[in-house]
Amino acid sequence: MTPTALDVPESRSPTTGAPMAPRPARPPALQDLWASMRDLAGHHELLVELTKRDLRIRYTQAAMGVLWAVLTPLVVALSGWMIRFGMSYLAGAPIRAPELAGIAIKAVAWSFFTGAISFGTLSLTANLPLVTKVYFPRAILPLSAVTTQMVDTAIGAAALLVVLPLAHIGVHRTLLWVPLLLALLVLFTSGLTLIAAAGNVFYRDAKHVIQLVTSFGIFFTPVFFDAGAFGPRGTRFLLLNPLGPVFEGLRLAIVDGHPLLVPIVNAEGTVLWSAAYLGYAALWAVGLAFFGALLFRRVEFSFAEYV
Amino acid sequence: MSGLIELERVWKKFRYGEGHGRLRDAIPALVRRALRRPDPDAGLHRGEFWALQDLSFTVRPGQALGLIGPNGAGKSTALKLLCGIMRPTAGRCTVRGRVGALIEVAAGFHPDLTGRENIYLQGTIMGMPRREITGKFDEIVDFSGLAPFLETPVKRYSSGMHARLGFAIAAHLEPEVLLIDEVLAVGDAAFQEKAFGRITELVQQDIPVVVVSHQLDAITTLCTRALLLDQGQVALAGTPQECITAYLHGVTAAHGPGSGDSPVRILGIHLGRAAVESGQRLGVELTGVTDGGPAADRLSVRVRVRLAQTGETVFETGTTQLGLALPGAGEFALQLELQMNVARGIYLVESAVWDRLHGRQLLRGPSSYVEVRGGPPFEGLVQMHPRARLLSGSSTAGHVP
C-alpha cells in the first residue's frame, strides 16, 4: 500500500527548521531528450572505446576468434534451412536457392537483434562499478552493446556477400532500400535494449523476459519462413510483429529485387506485402527509440541507488 | 569559465533494503517513474531515510573543502551528487566546469585488457579525449612506474599495481573542478608520497576542490575549510582543525567514558599544546578523583597515544608502570611529559582507568588530540634518531659501529 501525502509528516531542516527545499522540476520530454542527445554526443569517444573493449574481449580469448561472428548466424540459417526442408517435403514442393538465400539474410539480421539485446540488457548490471562510481551518460553502455553487435554482424554479413552470388542473387536497384531497413532495425533494437537494460537494473525479471524473446521470438518472426506461408491471418499476424516487415523487406529488396512501395497480393487475395507495413514498422522503430531514450534518461540517475 | 561547486539546501532520500521485487509491480512502477512528476510529498515513507538533510556549501576556485565524519555521515553521497551519478531529492546541486574525480580510479579497468588498452579505456571513462590521452601517455606510464607491464593483461597485476595505474591516469586529468574520495592510500609508501605530492599540486591550482577522507592529516594539509557531517547533517563548519577536533571528540565520546562506578575517576585531560614538532615534548595533565579506599589500590591511571588515522596505539603507560601510587581520598593531578618521537599526523591522547588485578580497562576517561608536524625528515612511525656516518673508498671494509 502506498501511503498518501497526508500520512507522512513534512520534513524540516534539522538546523534551521525551514521546510524542505523545492524538488527539482522535471524538464519537458523533448528538452530531456535533447539534453540526453547532447550528453551522448559529448561522449562519442567513450562509445567507441567501449565498443572496442567489448570486441576485444569477445574475440581475443576465444580460440575461434572472429569466426564466431560468422558461425552464430550460420547456425541460425542452418536451422532455418532444416525447417524449410521439412516444410517443402510436406508440401511436396521443391526448394529454390533464393529461398535459402532469403533465410540466410534474415538469419544474419536476427542474430544482430538477439545479440544486441541480450548483451545490452546485461550491460548495466555487468558494469556495476562504473554505474555506481563514475559519471557518464549511462545510455552509452547498452548502446555500446548495440554498436558492438553491429560490427560483429557486419563480419557475418560480409561472409554472406561472398555466398549470395553463388545462389545467383544479383544486384538490384532495390538494394537502395537496405540502408533504410537496417536503420529501422537498429533503431528498434536500440529502443528495446535501452528499455530492457534500464528494466534489468530495477527488476532482474527483465533478463528472463529477454531470454524468452531471444530464444523463442524467432518463431513469431518471419525468419525461417516467409510471411505468406501461414495464410491470410498468419501473414497479418507475422507482419504486425514490428520486426516482420523489416525482415520481409530485406528479403524482398535483396533476393527478389521487389520495389517495396509496390504491394504483393497472392492469388487468394492475401496481401503479402504493402508499403503500409513498412510505414507501420518505421513508426514502431522510431517510437520505440524515442520512448526508450526518454525512459532511460528519466531513470538513469537512480541506477546508482538501486543496483 | 572558472569552476564552481555549489550545493543549495540539498536533501537526499534513500531506502533501506530493496525497492520493488516482482515484474507485476515492475512495469507500472517503471512507467510511473518515467512519466509522472516526482511525488510532491516531502516526508519520509516507511523504509526510507535521509542520507543528506539540508546540506549547503559553496566552493570557489582556490578553495578546498574537506568533508569529514563517521561512516554513513553522507560524505560519499554528497560526492556522488557532485559527480552527477545521483540527483538530489530536493534542493540544487551545481557543478560548473570539467569535473576531475579521483574516486575509484580503477573502476573502468577490464581484467582481460592490457595496461595500455586500459589506460585508454579508463581515461576515456574519466572524460579525457583520446588525443589528450595519447599526448600524456608517456607521462602516465612514467608516473605509474609500470612501463615493463604495459602489454600485460591487468588481471595479472597485483592490487597495488592496479591502483597505481588507475591513480596515474586520474592524476593526469586537467580538471576545472576536483573531487577526491579516499584515494590517498594507493600503492606502497613511496608511491603514496608521490601520489600525495601530485594531489597537492592539483589542489593548489586555482580550482574548487572537495576532499573526502578518513586520513585527517591529509584534510589538514590539503583543505582550506572543512565540514563535519553527522547523519546527513552539518554538525560543524569551520577550519579543518576545528572540525577534526570536534570529530575526534565525538569519536571518543561515542565510546563513552563508561558510566559504571569506580573508586577512581578521571575528570579532565589537558594538553600543553595543540600542535608540536616531531621530537618535541608535549605536556599532558590528567585530573581525577579517588575515594582512597582499598579498591583504589589495584587501579592504575593510564595514558594511551593512538594514531588517529589508523587507531593504532603508539604508546601507552600508566601510574603502575611509572612507579607512581595514587594519593589518598580526594582529587589528584597526574602530569606527564611525552617526547613525541613519532611521524607527523594526528594523535589521540586518551585516558583510562585500568584494573590491575583483572587486567582489563575499567573506565574510559576523557581524551584529546595533538597534531605532530614536520620535524626532521624520516619515514615510518617512530623517530629513531639515527646517528650515521658515510665512509668512502677502502675504509668501507670493516665493522658495524
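This briefing walks through a two-chain model, from whole chains down to single residues. The model is predicted, so local features need pLDDT of at least 70 and side-chain atom pairs count only at pLDDT 80 or more, while totals for chains, interfaces and linings use all residues. Residues are numbered from 1 along each chain as its sequence is written, chains are lettered from A and ligands numbered from 1 in the order in which they are written, and side-chain values use heavy atoms, leaving out hydrogens and water.

**Chain A**

- Chain A has 12 helices and 2 strands; here helices (H or I, at least four residues) and strands (E, at least two) are DSSP runs, numbered from the N terminus.
- Along the sequence, the pattern of chain A reads α-α-α-α-α-α-α-α-α-α-β-β-α-α.
- The C-alpha trace of chain A spans about 85 × 50 × 35 Å along its principal axes.
- Of the 307 residues in chain A, 49% count as buried; buried means under 20% relative accessible area, exposed over 50%, and partly exposed in between (1.4 Å probe, protein chains only).
- Among the chain A contacts with a separation of 6 or more, 77% join residues 24 or more positions apart; a contact means heavy atoms within 4.5 Å.
- Chain A has an accessible surface of about 14500 Å², and 72% of that belongs to carbon and sulfur atoms; the areas come from the Shrake-Rupley method with a 1.4 Å probe, and for residues only the protein chains shown count as cover.
- There are 21 positive and 16 negative side chains in chain A, and the centres of the two sets lie 1 Å apart.
- In that count, Lys and Arg are positive and Asp and Glu negative, with His and the chain ends not counted; each charge is placed at NZ of Lys, CZ of Arg, CG of Asp or CD of Glu.

**Chain B**

- Chain B comes to 10 helices and 17 strands.
- Buried residues make up 48% of its 401 residues.
- For contacts in chain B with a separation of 6 or more, 73% are between residues 24 or more positions apart.
- Chain B exposes about 19300 Å², with 51% supplied by carbon and sulfur atoms.

**A covered helix in chain B**

- Helix α3 of chain B (residues 115-125) is mostly covered, with 9 of its 11 residues buried.
- Those buried residues include B:Ile119, B:Tyr120 and B:Leu121.
- Their cover includes parts of both chains: α2 (44-60) and α5 (128-133) of chain A, plus α4 (130-144) and α5 (159-170) of chain B.
- After α3(B) comes B:Gly127, which has a positive phi, near 95°.

**Nonpolar cores**

- The largest nonpolar core has 51 residues, and B:Ile119, B:Phe167 and B:Leu248 have the most contacts inside it.
- α5(B) gives the most to this core, with 6 residues.
- This core draws at least three residues from each of domain 1 (4-37 + 45-245) and domain 2 (256-373) of chain B; the domain bounds come from an automatic or database domain assignment.
- Another core, of 47 residues, lies apart from it and includes A:Val76, A:Leu164, A:Tyr277 and A:Ala281.
- A nonpolar core is a set of buried Ala, Val, Leu, Ile, Met, Phe, Trp, Tyr and Cys residues joined through side-chain atoms within 4.5 Å.

**Two residues to look up**

- B:Thr317 sits in strand β14 (residues 313-318) of chain B and is buried, with a relative accessible area of 7%.
- Apart from neighbours within four places in sequence, B:Thr317 is in contact with B:Val301, B:Arg302, B:Val303 and B:Leu322.
- B:Met384 lies in the segment after β17 (360-373) of chain B and is exposed, with a relative accessible area of 69%.
- The C-alpha atoms of B:Met384 and B:Val342 are separated by 8.9 Å, although these residues are 42 residues apart along the chain.
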